[in-house]
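Visitor: Could you walk me through reading burial, contacts and salt bridges in a model like this?
Guide: Gladly; let us take them one by one.

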Amino acid sequence: MEDISLYILDLVQNSVAAGATLIEISITEDIQNDRLILSIKDNGRGMDSQTVKRVTDPFYTTRTTRRVGLGLSLVEAAAQACNGGVYIFSQPGKGTEVRVEFEYHHIDRPPLGSMEQTLVTLVACNPTIDFVYTHTTPVGRVYFDSREVRQKLGELPINHPEVIEWIKEYIKEGIDEISGGGGA
C-alpha cells in the first residue's frame with residue numbers, strides 16, 4: 001500500500017467485519033522518541049489468544065469469500081521494515097486493539113496519506129458506526145467524535161453530502177494546523 005491511511009482503512013474494515021459499533025483511531029507522531037504510533041481500537045467480537053497468534057499469517061482468514069487475509073500481514077511487514085512492529089490486544093466479547101509502530105524518520109516509512117479522505121470514507125460507508133479520531137503531534141491535537149457530530153445534526157444523517165464535506169474540511173484543517181500546514 002502506498003500510504004499509512006490505506007493501512008488504517010484496511011484495519012478498520014476488520015473492526016467493521018467484527019461487528020464493532022465504536023471504533024477509535026489514534027495517530028501519535030512522537031518526534032522526540034522517533035516513533036509514529038497508530039492504534040485502532042474497537043468494541044467488536046474480539047479474538048481468543050490462539051486467533052491473535054495467527055492473524056498476521058497471510059494465509060489465515062476468517063473470511064469465507066477468499067483464502068487469504070493480507071491486511072495485518074502487510075502492515076506488519078511495513079512496520080518491521082521501519083524498525084517497528086504490530087501489537088494486538090484482544091479478548092472475546094470485549095473488542096480488539098491493533099497498535100502499529102514505525103520509526104518516524106525511517107527512510108522506508110510510508111507517508112501518512114490523506115486521513116481526512118480515509119475518515120470520510122469510513123463515516124460515509126458506515127453511518128451507524130461511531131468513530132473517534134485523535135491525531136497528536138508535538139504542535140497539537142486533532143479530535144473528531146462522530147457521536148458529537150450526530151448529536152448536533154438532529155434528523156440530518158451523518159453521511160449527508162454536506163456533512164461529509166464539513167467533516168473532511170474540519171479534519172484537514174486540523175491536521176494542517178498540527179503538522180505545520182503541509183500534512184504529515
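Visitor: Is Arg150 buried, partly exposed or exposed?
Guide: Buried means under 20% relative accessible area, exposed over 50%, and partly exposed in between (1.4 Å probe, protein chains only). Arg150 counts as partly exposed because its relative accessibility is 28%. Please keep in mind that this is a predicted model, where local features need pLDDT of at least 70, side-chain atom pairs count only at pLDDT 80 or more, and totals for chains, interfaces and linings use all residues. Residues are numbered from 1 along each chain as its sequence is written, and side-chain values use heavy atoms, with hydrogens and water left out.

Visitor: Which residue meets Arg150 in a salt bridge?
Guide: A salt bridge is a side-chain nitrogen of Lys or Arg within 4 Å of a carboxyl oxygen of Asp or Glu. Here the partner of Arg150 is Asp130, at 2.7 Å from N to O. The pair links distant parts of the chain, with Arg150 in helix H5 (residues 146-153) and Asp130 in strand E5 (residues 130-136), 20 residues apart. Helices (H or I, at least four residues) and strands (E, at least two) are DSSP runs, numbered from the N terminus. Asp130 has a relative accessible area of 16%, so Asp130 is buried.

Visitor: How many salt bridges does the structure hold?
Guide: There are five. One of them joins Glu101 and Arg35, whose closest N and O atoms are 3.4 Å apart. Glu101 sits in strand E4 and Arg35 in strand E2 (residues 35-42), 66 residues apart, so this pair too links distant parts of the chain. Both Glu101 and Arg35 are buried. Together with Arg99, they are linked in a network of salt bridges.

Visitor: Why are Asp176 and Lys172 separated by about one helical turn?
Guide: Because they are four residues apart in helix H6 (residues 161-178). Asp176 counts as partly exposed at 22% relative accessibility, and Lys172 counts as partly exposed at 32%.

Visitor: What does His105 touch, not counting residues up to four places away in sequence?
Guide: Contact means heavy atoms within 4.5 Å. His105 touches Ile31 and Asp34 on that count. His105 lies in the loop between strand E4 (95-103) and H4, and counts as exposed at 52% relative accessibility.
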